Amino acid sequence: MSAREILELECFEKYHGDSEQVTKTIEDCPKCGKKMIITHWADTSTLVMEESAKCIECDYGSRKTLHSLN
């Protein structure tokens with residue numbers, strides 16, 4: 001991870017709507033609407049999961065989110 005990389009902390013307050021809308025918000029690219037490739041890396045020593053999401057259809061870039069495992 002580079003020093004300039006921005007990580008978003010997990011917060012559920014930003015999600016609203018029914019389960020389909022929340023799933024679409026998490027899994028779909030905000031720029032083109034296609035499914036994003038989502039990968040996870042778990043660090044069991046600090047109880048943190050890092051999620052990376054990237055769209056291969058457009059040049060959206062990547063989204064990184066930290067999830068607490070405790």
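Q: Why is D28 called buried in this predicted model?
A: The relative accessibility of D28 is 12%. Buried means under 20% relative accessible area, so D28 counts as buried.

Q: What makes the contact between K24 and D28 a salt bridge?
A: The side chains of K24 and D28 meet with N and O 3.9 Å apart. The cut-off is within 4 Å, and the pair is therefore a salt bridge.

Q: Why is K24 called partly exposed?
A: K24 has a relative accessible area of 48%.

Q: What makes K35 exposed?
A: Its relative accessible area is 51%. Exposed means over 50%, so K35 is exposed.

Q: Which residues are linked with D28 in a network of salt bridges?
A: The network links D28 with K24, E27 and K35.

Q: Why is the pair of E51 and R63 called a salt bridge, and what does the pair tie together?
A: The closest N and O atoms of E51 and R63 are 3.8 Å apart, and the cut-off is within 4 Å. E51 lies in strand β3 and R63 in strand β4, so the pair ties together parts that are 12 residues apart in sequence.

Q: Are E51 and R63 buried or exposed?
A: E51 has 9% relative accessibility and R63 has a relative accessible area of 15%. Buried means under 20%, so E51 and R63 are buried.

Definitions and conventions: Residues numbered from 1 in each chain as written. Predicted model: local features only at pLDDT ≥ 70, side-chain atom pairs only at ≥ 80, totals over all residues. Heavy atoms only, no water. Buried < 20%, exposed > 50% of the residue type's maximum accessible area, 1.4 Å probe, protein only. Helix = DSSP H or I, 4+ residues; strand = E, 2+ residues; numbered from the N terminus.
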